[in-house]
Amino acid sequence: MNLNFQLDDLRVFCLAARKASFAATATELGTSPAYVSKRIAILEKSLGVTLFHRAARRVTVTDDGERVYASAQQIFQGVDHMGETVAGGRLDPHGTLRVTTSFRLGRKHIAPALSLLAKRYPALDITLDAVDRRVDLVSENIDLDIRVGEVDEPHLVAHRIAPSTRVLCAAPGYLERRGTPGSMAELSQHDCLVLRDRNQAFGVWRLTGPNGVEKIKVTGRMSSNNSEIIRGWGNDGHGILLQTTWDLHDDLAGGRLIPILSAYTQPADIWAASTVRLSHSAKVRVCVGFLQEQLGGEGPFALKQ
């Protein structure tokens with residue numbers, strides 16, 4: 001395999017892959033379809049693969065082409081990262097910013113905050129994926145993972161976004177039917193709505209109270225990996241739940257859920273994990289600062305405690 005190809009040919013290929021047309025690619029580049037076809041052919045010869053299925057009006061990427069496209073995106077991001085590192089992160093943020101977070105935090109707070117960020121920095125292309133699992137920032141090519149709970153991977157850089165805690169609560173109907181637990185130990189005698197959280201051991205609640213950190217194994221008839229589902233079941237009176245104050249704020253304020261065992265809470269600060277320090281990446285630095293401002297301040301997307 002001859003790898004003496006130019007980055008410009010890779011860029012032409014990536015644009016053609018997105019456009020699915022050599023003619024449309026040529027129009028955007030201000031050149032001819034013949035030139036685009038020639039550059040693609042040179043790249044195919046260098047790599048020893050066929051990148052496109054060619055038709056009269058349209059081209060589609062082959063399986064090999066899909067793999068080359070994914071690798072090319074990593075190459076271009078690496079080039080951008082190198083430039084930012086050399087410049088000490090002083091460049092204006094630009095390029096693709098890939099962010100992951102959980103579903104509810106993403107929908108309620110991260111997505112609207114990133115919408116404002118995109119307006120402020122038009123050279124920044126933002127991708128937000130909502131996932132309820134622990135992601136691998138390196139292998140999945142992610143710039144920031146916004147999570148509830150501390151960053152415990154030693155190879156990642158942690159950035160604290162906003163303070164938060166988890167509290168225990170239940171619907172009035174459940175408490176009338178089953179009674180209100182008077183101690184943490186009594187939780188094991190109740191129906192608890194267990195969230196299969198990406199950062200928590202299933203069915204084990206660790207709470208900070210008068211005697212420091214304690215843990216208890218809880219059970220219940222219903223569990224889910226989605227906090228919104230758990231909150232809905234809690235409102236329906238199916239059991240006791242442990243969730244963040246920002247997630248429960250409206251239900252607690254409206255009396256649909258009642259706090260219990262208020263002496264026991266669980267730390268649940270919002271953190272951002274990255275593979276680079278803020279001084280080395282303008283886009284990561286700007287995003288982290290903006291999220292700290294929006295979620296930790298008094299703005300419309302701030303976490304309500």
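This dialogue walks through how to read several features of the structure above.

Q: What kind of model is this, and how are its residues numbered?
A: This is a predicted model, in which local features need pLDDT of at least 70 and side-chain atom pairs count only at pLDDT 80 or more, while totals for chains, interfaces and linings use all residues. Residues are numbered from 1 along each chain as its sequence is written, and side-chain values use heavy atoms, with hydrogens and water left out.

Q: How many helices and strands does the protein have?
A: Helices (H or I, at least four residues) and strands (E, at least two) are DSSP runs, numbered from the N terminus. In this protein there are 9 helices and 15 strands. The radius of gyration, taken over C-alpha atoms, can be set against a globule rule of 2.2 Å times the number of residues to the power 0.38. Here the radius of gyration is 25 Å, well over the 19 Å that the rule gives for 305 residues, so the protein is more spread out than a compact globule. Along the principal axes, its C-alpha atoms fill a box of roughly 80 × 40 × 35 Å.

Q: What share of the residues is buried?
A: Buried means under 20% relative accessible area, exposed over 50%, and partly exposed in between, with a 1.4 Å probe and protein chains only. By that definition, buried residues make up 46% of the 305 residues in the protein.

Q: Which strands pair with β15?
A: Two strands pair if DSSP finds at least two bridges between them. Strand β5 (residues 144-148) pairs with β15 in the antiparallel sense over 4 bridges, and D145 has A273 as its bridge partner in β15. Strand β6 (residues 157-162) also pairs with β15 in the antiparallel sense, over 5 bridges, and here R160 has W271 as its bridge partner.

Q: How many residues join β9 to β10 in their hairpin?
A: The hairpin joins β9 to β10 through 2 residues. Strand β9 (residues 204-209) and strand β10 (residues 212-217) pair in the antiparallel sense over 6 bridges, with G209 standing opposite G212 in β10.

Q: How many disulfides does the structure hold?
A: A disulfide is a covalent bond between the sulfur atoms of two cysteines. The cut-off used here is a pair of cysteine sulfur atoms within 2.5 Å. The structure holds 0 disulfides. C169 is in no disulfide, and the nearest cysteine sulfur, that of C192, is 11 Å away. Seen from C192, the closest cysteine sulfur is in C169, and the 11 Å between them is too far for a bond. C169 counts as buried at 0% relative accessibility, and C192 is buried as well, with a relative accessible area of 1%.

Q: Where is D251, and which residues is D251 in contact with?
A: Contact means heavy atoms within 4.5 Å. D251 lies in helix α8 (residues 245-253) and is buried, with a relative accessible area of 5%. Leaving aside neighbours within four places in sequence, D251 is in contact with R231, N235, R256 and L257.

Q: With which side chain does the side chain of D251 make a polar contact?
A: A polar contact is a pair of N or O atoms within 3.5 Å; within protein, one must be able to donate a hydrogen and the other to accept it, and residues adjacent in sequence count only if both atoms are side-chain atoms. The side chain of D251 makes such a contact with the side chain of R256, at 2.9 Å.
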